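Me: I would like to learn how to read a few features from a set of coordinates. Please take them one at a time.

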Amino acid sequence: MNVLQRGAPADRQAKALLNGQRRDMADWGGTAIRLTDISKVYGRGQGAVHAVDRLSLTVGSGEFVCIVGASGCGKSTLLSMVAGLDAPTAGSIDTHGRRVAIMFQEPALFPWLTAGRNVDLALRALRVPKEQRDRRVAELLETVHLAEFAGKRPHELSGGMRQRVALARALAQDADVLLMDEPFGALDAMTRDLLHDELERICAERRLSVLFVTHNVREAVRLGDRVVLLSSRPGRVIEEYDVPRTGPRRIDSASVAGAASMITDRLREEMRRHG
Amino acid sequence: MASTRTPAGAGGRPPAAPSDATQPGAEASAIAGLDSLEIGLPSSGTEPGRIARKAWSATWPKLLAIALVLGAWQLFYLSNFHGDTTSGLIKGPGAGLANLWDQLQHAQLWQAIGTTVQTAVIGFLLATAIGSAIGAIVSRIPPLRAATGSIISGLQTMPSIAWFPFAIILFGTSVRAILFVMVLGAAPSVANGLITGVDYTPPLLLRAGRTMGLRGVALYRHLILPASLPAYLAGLKQGWAFAWRSLMAGELLVIIIGHLSLGILLNNAQDQQDLTGAISIMIVILVIGIVVDAIFTKADRAVRTRRGLLTDGQPA
């Protein structure tokens, strides 16, 4: 039942949202990603920068984990390492042989291809035969509600539509782990809200495991099954919050706002400690 | 609470819950965020008035340019510089254009144009093939890139005409000598264009391509080459300009018996002190250069428009 309907004060609602039963990985039908004591150091000697320091994190199969932290906490570095674009200096990353797709803050679509061909290219890279590709592209664009925009080039689409195409392209990669690096950071609140609904629906339908990086605490509480708070420089896990899925969540609901402000307070405290 | 998530322009329709996206009308509200305002309405380019205005705005600068040139010519003629007008050496634009018209009636000029254009095409294609091959190899092998980068830039600063003695000694007075110099002049530009394009492939697209599983040849074919196309086209355009200049210098310097070209006609005009005839040939050379340049500009614009790098009405 939605905490809102009980009419409880905001504080209690927030606590109700955050202090749910701590779930075991078994509830998630296994582990999708396991990061064990990973560190990333750029440079050597005196000038070395510790971007990530002995960070351990597990994402359950089908779980939606949001990582929140101030800028410079190594969030993007973390995702690059999980995606295999970057190697950790120490520690191990286990994706259990799952395919991993990544989405960035910019759609990163190829400007010389139409929306449909952008999605098609991801299928080609997987060597999907031509006969199947056309149908799959149509299905994927249908999934993100862009079926009639297949022939448009990226610059003819709005920012939100471009991110939808990028999402379709990520889904085309047949991945069961989706890494998202502030994918909605550049969109207006209204568009972002719509995309939250879509993402939630698609992830539930496809049982995707998601590691979602954002600096927007409300967005994290809105979307996540779990919110992980990272400290800055070096990035380390300070706190984890379980957000039980009791019913549909709205980014502007009192419970989400209350939970977000609790997490923000904790984040502020951490930032004060480190200057 | 519900009203705050009704999309702009949806007119108070109740918000579509994620589950009922199949219901009619849900499609529109599902994709329409505030940012849907970003998508401009397609401009209607079919009304006759608009087409005429567009044609006029494209034509008048060219007409004005021609008028300015003819005006300058007329002024030079009227100034009687060195007394050349009274001696009959210089003729006015009217007589000059009549001379050009007359020459255009004769097969000789057309034969010369045919020969020159043929050499130009062969030389440019050779330069493109060699330049592209060098560019592709050099951009793939970093040590080679470091070593040859300065050689390629250095070659570009070398005036191609300085290569002719070398080429004539090596190949004799032949078309091969001209082609050799054209390739030396044009290939570095083509290679440089490709290398620049590869170097400036956006890193974000490379990251996206790699996570999609594009590797090796596929990465080149589907990402790096298309991404470098605008820079490559710019290289081709510059390469053409160098090839064309080298060709003209070559046709004036390397006189081949029985080989009728625009350069030979220009040389003949010089030998006969025929200033008006020389101007006619120069106009032909100028027109060929402008036409080819226009083709490259059109290709460049087409590529940039397709990628949204050019907004409507922006000059090339």
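Me: Is B:Phe296 buried or exposed?

Reply: This is a predicted model, and burial is read from relative accessible area, with under 20% counting as buried. B:Phe296 has a relative accessible area of 12%, so B:Phe296 is buried.

Me: How many aromatic pairs are there over all chains?

Reply: Rings pair if their centres lie within 6.5 Å. By this rule there are 10 aromatic pairs over all chains. In one of them, the ring centres of B:Phe124 and B:Trp240 are 5.7 Å apart; the planes stand at 85 degrees, so this pair is edge-to-face. The pair joins distant parts of the chain, with B:Phe124 in helix α4 (residues 107–140) of chain B and B:Trp240 in helix α9 (residues 216–253) of chain B, 116 residues apart.

Me: Are B:Phe124 and B:Trp240 buried or exposed?

Reply: B:Phe124 counts as buried because its relative accessibility is 12%. B:Trp240 is buried too, at a relative accessible area of 10%.

Me: Which ring pair does B:Phe124 form with B:Phe296?

Reply: The pair of B:Phe124 and B:Phe296 is edge-to-face, with 5.9 Å from centre to centre and 80 degrees between the planes. B:Phe124 belongs to helix α4 of chain B and B:Phe296 to helix α11 (residues 275–306) of chain B, so this pair ties together parts 172 residues apart in sequence. Ring pairs also make a cluster of B:Phe124, B:Trp240, B:Trp244 and B:Phe296.

Me: Which charged end sits over the ring of A:Phe110?

Reply: Here the distance to the ring centre is what to read. The charged end of A:Arg169 sits over the ring of A:Phe110, at 5.5 Å from the ring centre.

Me: Where is A:Glu63 found, and what does its side chain reach?

Reply: A:Glu63 is in the loop between β2 (49–60) and β3 (64–69) of chain A. With a relative accessible area of 1%, A:Glu63 is buried. Its side chain reaches the backbone nitrogen of A:Gly60 at 2.8 Å. The side chain of A:Glu63 also makes a polar contact with the side chain of A:Arg226, at 2.8 Å.

Me: What is the volume of the second largest pocket, and which residues are the closest to its centre?

Reply: The volume of the second largest pocket is about 420 Å³. Among its 22 lining residues, A:Leu109, A:Pro111, B:Leu205, B:Arg307 and B:Leu309 are the closest to its centre. At least two lining residues each come from α7 (175–199), α8 (203–211) and α9 of chain B, and α9(B) gives the largest share, four residues. The lining of the second largest pocket divides into 14 nonpolar, five polar and three charged residues.

Methods: Residues numbered from 1 in each chain as written. Chains lettered and ligands numbered in written order. Predicted model: local features only at pLDDT ≥ 70, side-chain atom pairs only at ≥ 80, totals over all residues. Heavy atoms only, no water. Phe/Tyr/Trp six-rings, centres within 6.5 Å; stacked < 30°, edge-to-face > 60°. Buried < 20%, exposed > 50% of the residue type's maximum accessible area, 1.4 Å probe, protein only. Lys NZ or Arg CZ within 6 Å of the ring centre and 35° of its normal. 1 Å grid on protein atoms, 1.4 Å probe; cavity = no way out; pocket = protein on both sides within 12 Å on 5 of 7 lines; lining within 4 Å. Points joined across faces, edges and corners; volume = space filled by probe spheres on them. Nonpolar A, V, L, I, M, F, W, Y, C, P; charged D, E, K, R; others polar. Polar contact = N/O pair within 3.5 Å; in protein donor to acceptor, adjacent residues only side chain to side chain.
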